[in-house]
Every structure is written in C-alpha cells, then in structure tokens.
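The sequence and structure come first.

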Amino acid sequence: MMDARARHAHALFAGIAAEYEWMGAVLSFGQDARWRRAMVEVLAPRPGQLVLDVASGTGLVARRIGARGARVIQFDPSEAMLRAGQRAARAAGLTSALHPVLGRAERLPFGDATFDAVSFTYLLRYVDDPGATMKELTRVLRPGGRLACLEFHEPRAPVLRAGWFGYTRYVMPRVGALASPEWRATGVFLGPSITRFYADHPLAEQARWWQEAGLRHVHSRVMSLGAGVVWWGQLDG
Ligand SMILES: C[S@@+](CC[C@H](N)C(=O)[O-])C[C@H]1O[C@@H](n2cnc3c(N)ncnc32)[C@H](O)[C@@H]1O
C-alpha cells in the first residue's frame, strides 16, 4: 500500500508526464539541462558499465548516461513518466541501452553491489526517510562505484532568495496554469516543498546521510545562483 507522500507523488507525475521535459526547461530557464550535464560529468559512466538511474522519470538523465555507452536501468514508480520518455529514447537510438523498471527507491529489487554507478534526481523530497533511502541506494553500488544526484536548492544570499521566493510562489503557479491545472498544482507544490526540505534537512545533515551510507569523497556543487545542487561521492574500492 502507498503512503500519503507516495500517493501524492504518483498523482502529481501522472498528471504532468506528457509535458515534463519541455515544461521543466521552461520553468528552470534552461538551467535544468546544465545541472544534469554536470551530474553525469561527475558520475563519469564508462562504456559497458551498468548504471542504475533512480527517479528516472522520462529519462533525461538516463539518456545522457546511455549516450556514453553504459547500460542503464531506468527505475521509477511512475509508469506514466517512464512511458512518456520512450519516443525520445527511440529517437536517440537508445532503446537497447535503457531498461525501464517500475519500483521505489526505498526498496530496490537488486542485490548488493550490483551497479557500477547510481544516479538519482529530485528524489529525496518524495521519501519519508531520506537517510535510510541513501543507505539503500548505496547498498546496490559496487565497491569503488560512484553515486551522484541532482536536487533543487534555495539561494542563500538575501536578494537572490527574495527573487527565488517571488518566482517559485507567484510566477511558477501562474506559468504552470497556462499549461494545465496539473501544472498549476505542481507550480504551487514545488517551492514550498523545496523550502520545507532545506528547513528540515540543512546541507550539513544531508552530507551526513552520504557519509553514514558509507560514501567517501562526498562533494556538493551549488549551481545557477543557488537554484540547483549536484552531489557526488564514492564507495571505497
Ligand atoms: C522530477 S522527476 C525527475 C525525473 C528525471 N530524472 C529528471 O532528470 O528530470 C522525479 C521522479 O521521481 C519519481 N519518484 C517519486 N517518488 C519516488 C520513489 N519513492 N522512488 C523512486 N522514484 C520516485 C517520480 O515518479 C518522478 O518520475
């Protein structure tokens, strides 16, 4: 049975899957592509490697990894999101590199140390226990393997923060409403969800999740004036 958080995420992404890729680019002023590129850069997947991409959605990250010659398990609980990316995967000639699997990050249906690398995007705001989920994501990583993630972030400098607040609270819901009622609801949800996440879990606590999961050489890079953050770390080999 799904809990309230999981039910909300399921309904949210079912309603926005069809427009997800271009709306994400519009709402982030094209910055989201830079963040994914930076994340895949630090993940550094190599040809022939097996990579798990969690919260894969329509496959924006998975396709970048597949294009580098790795095999990718595209893991996500939303059939609508996975399906919405299939045409783009075909157009990129990547259908044989990408393998969609339905499921939730909290309980991965894979053995210990299965993957050469693991990525996840915008995931931890949708789970009840992010620290435990980090341990589960690390469990399936082989010794020496890399874990990398991308998440939204709140600018810290007061002026930037005020601009970000105005944009997420007032502009995003209105731009979303131009696309559909579901996008309006997403625009209303997203800003407060990010604010709550950092109020409950400051960056220092998040760094502890990575370390307590067993990861070493943990780094974070805040991007786009503070609107996004890429994290990465490595298991001792
Ligand atoms: C904002 S999308 C990210 C999609 C894509 N990776 C990208 O780069 O934009 C977040 C995804 O997380 C998935 N998700 C939500 N809860 C999850 C969970 N508990 N485990 C794994 N994925 C989850 C959603 O279905 C959705 O496809």
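## Ligand shell

How many nonpolar, polar and charged residues does the shell around the ligand have? The shell has 13 nonpolar, 5 polar and 4 charged residues. The model is a predicted one.

Of the 22 residues around the ligand, the nearest are Ala 55, Gly 57, Ser 78, Ala 105 and Thr 121. Two or more residues of the shell come from each of α1 and α4 (60-66).

## Packing of α1 and α9

Helix α1 spans residues 4-16 and helix α9 spans residues 181-200. The two pack at an angle of about 130 degrees, and their axes lie 9 Å apart. With that angle, α1 is oblique to α9. The crossing of α1 and α9 is left-handed.

On the α1 side, the contact is made by Leu 12, Gly 15 and Ile 16. These meet Glu 182, Trp 183, Thr 186 and Phe 189 of α9. Sorted by class, the contact of α1 with α9 has 4 nonpolar, 2 polar and 1 charged residues.

## Surroundings of Val 118

Val 118 sits in strand β4, which covers residues 115-121. Is Val 118 buried or exposed? Val 118 counts as buried because it has 28 C-beta neighbours inside 10 Å, and the cut-off for a buried residue is 20 or more.

Leaving aside residues up to four places away in sequence, Val 118 touches Leu 52, Val 54, Leu 137, Val 140, Leu 141 and Leu 147. Between the C-alpha atoms of Val 118 and Ala 179 the separation is 33 Å, with the two residues 61 apart along the chain.

Notes. Residues numbered from 1 in each chain as written. Predicted model: local features only at pLDDT ≥ 70, side-chain atom pairs only at ≥ 80, totals over all residues. Axes fitted to C-alpha atoms, helices over the stretch in contact; angles between N-to-C directions. Helix = DSSP H or I, 4+ residues; strand = E, 2+ residues; numbered from the N terminus. Parallel < 35°, antiparallel > 145°, perpendicular 65-115°, else oblique. Left-handed = near helix turned anticlockwise from the far one by under 90°. Contact = placed C-beta atoms within 7 Å. Nonpolar A, V, L, I, M, F, W, Y, C, P; charged D, E, K, R; others polar. Near = placed C-beta within 6 Å. Buried ≥ 20, exposed ≤ 12 C-beta atoms within 10 Å, placed from the backbone.
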